[in-house]
Amino acid sequence: KLFDNKLNDAILSAVTTIVIVAGSIAVAISVDSLGVVFKIIGGTVGALLIFVLPGLMITGRPSSSGRKCNMNYFGGFSLWVFGAALLI
């Protein structure tokens, strides 16, 4: 049981905090305008919210017939693929 240990949780929390702070400092040092960062974040989150997450919700939901080969599944999968292509 890897995650029952409180020491592992404390180490994971500390490492995550250090990575986030170091990433924030690296971005702050490397860009001239914060507007560029906001544009990148907005485009990424927008593609995830509009295309990827609904596609994942549709494909992960079981159909009434129990089959995965229906039009809803293919529609959700195509949303997921299109959203992933926008992120690249």
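Guide: What follows is a set of questions about the labels used for this predicted model.

Visitor: Why are H2 and H3 called roughly antiparallel to each other?

Guide: Helix H2 covers residues 34–60 and helix H3 covers residues 71–87, and they pack at an angle of about 155°. Angles over 145 degrees count as roughly antiparallel. The angle of about 155° is over that cut-off, so H2 and H3 are roughly antiparallel to each other. Their axes are 7 Å apart, and the crossing of H2 and H3 is left-handed.

Visitor: Which residues of H2 and H3 meet?

Guide: On the H2 side they include Thr44, Leu48, Phe51, Pro54 and Ile58. On the H3 side, Tyr73, Phe77, Trp80, Phe82 and Ala84 are among them. By class, the contact of H2 with H3 has 15 nonpolar, six polar and no charged residues.

Visitor: How many aromatic pairs does the structure hold?

Guide: The structure holds two aromatic pairs.

Visitor: What makes the pair of Phe51 and Phe82 edge-to-face?

Guide: The ring centres of Phe51 and Phe82 are 4.9 Å apart, and their planes stand at 80°. Centres within 6.5 Å make a pair, and planes over 60 degrees apart count as edge-to-face.

Visitor: Why do Phe51 and Phe82 count as partly exposed?

Guide: Buried means under 20% relative accessible area, and exposed means over 50%. Phe51 has 21% relative accessibility, which is in between, so Phe51 counts as partly exposed. Phe82, with a relative accessible area of 47%, is also in between and therefore partly exposed.

Visitor: How do you know that Phe77 and Trp80 are stacked?

Guide: The rings of Phe77 and Trp80 are 6.0 Å apart, centre to centre, with 25° between the planes. The cut-off for a pair is 6.5 Å, and planes under 30 degrees apart count as stacked. With both values inside these limits, Phe77 and Trp80 form a stacked pair. Both residues lie in helix H3, three residues apart, about one turn of the helix.

Visitor: Are Phe77 and Trp80 buried, exposed or partly exposed?

Guide: Phe77 is at 41% relative accessibility and counts as partly exposed. Trp80, at 33%, counts as partly exposed too.

Visitor: Where is Ala84 found, and what makes Ala84 partly exposed?

Guide: Ala84 is found in helix H3. Its relative accessibility is 26%, between 20% and 50%, so Ala84 counts as partly exposed. Ala84 and Leu48 are 36 residues apart in sequence and 8.1 Å apart in space, C-alpha to C-alpha.

Visitor: Where is Val27 found?

Guide: Val27 is found in helix H1, residues 6–30. At 36% relative accessibility, Val27 counts as partly exposed. Val27 and Val37 are ten residues apart along the chain, and their C-alpha atoms are separated by 8.1 Å.

Visitor: What share of the protein chain is buried?

Guide: Buried residues make up 10% of the 88 residues in the protein chain.

Note on methods:
Residues are numbered from 1 along each chain as its sequence is written. This is a predicted model: local features need pLDDT of at least 70, side-chain atom pairs count only at pLDDT 80 or more; totals for chains, interfaces and linings use all residues. Side-chain values use heavy atoms; hydrogens and water are left out. Axes are lines fitted to C-alpha atoms, for helices over the stretch in contact, and angles run from 0 to 180 degrees between N-to-C directions. Helices (H or I, at least four residues) and strands (E, at least two) are DSSP runs, numbered from the N terminus. Angles under 35 degrees count as roughly parallel, over 145 as roughly antiparallel, 65 to 115 as roughly perpendicular and the rest as oblique. A crossing is left-handed if the near helix is turned anticlockwise from the far one by less than a right angle, and right-handed if clockwise. Contact means heavy atoms within 4.5 Å. Ala, Val, Leu, Ile, Met, Phe, Trp, Tyr, Cys and Pro count as nonpolar, Asp, Glu, Lys and Arg as charged, and the others, Gly among them, as polar. Buried means under 20% relative accessible area, exposed over 50%, partly exposed in between (1.4 Å probe, protein chains only).
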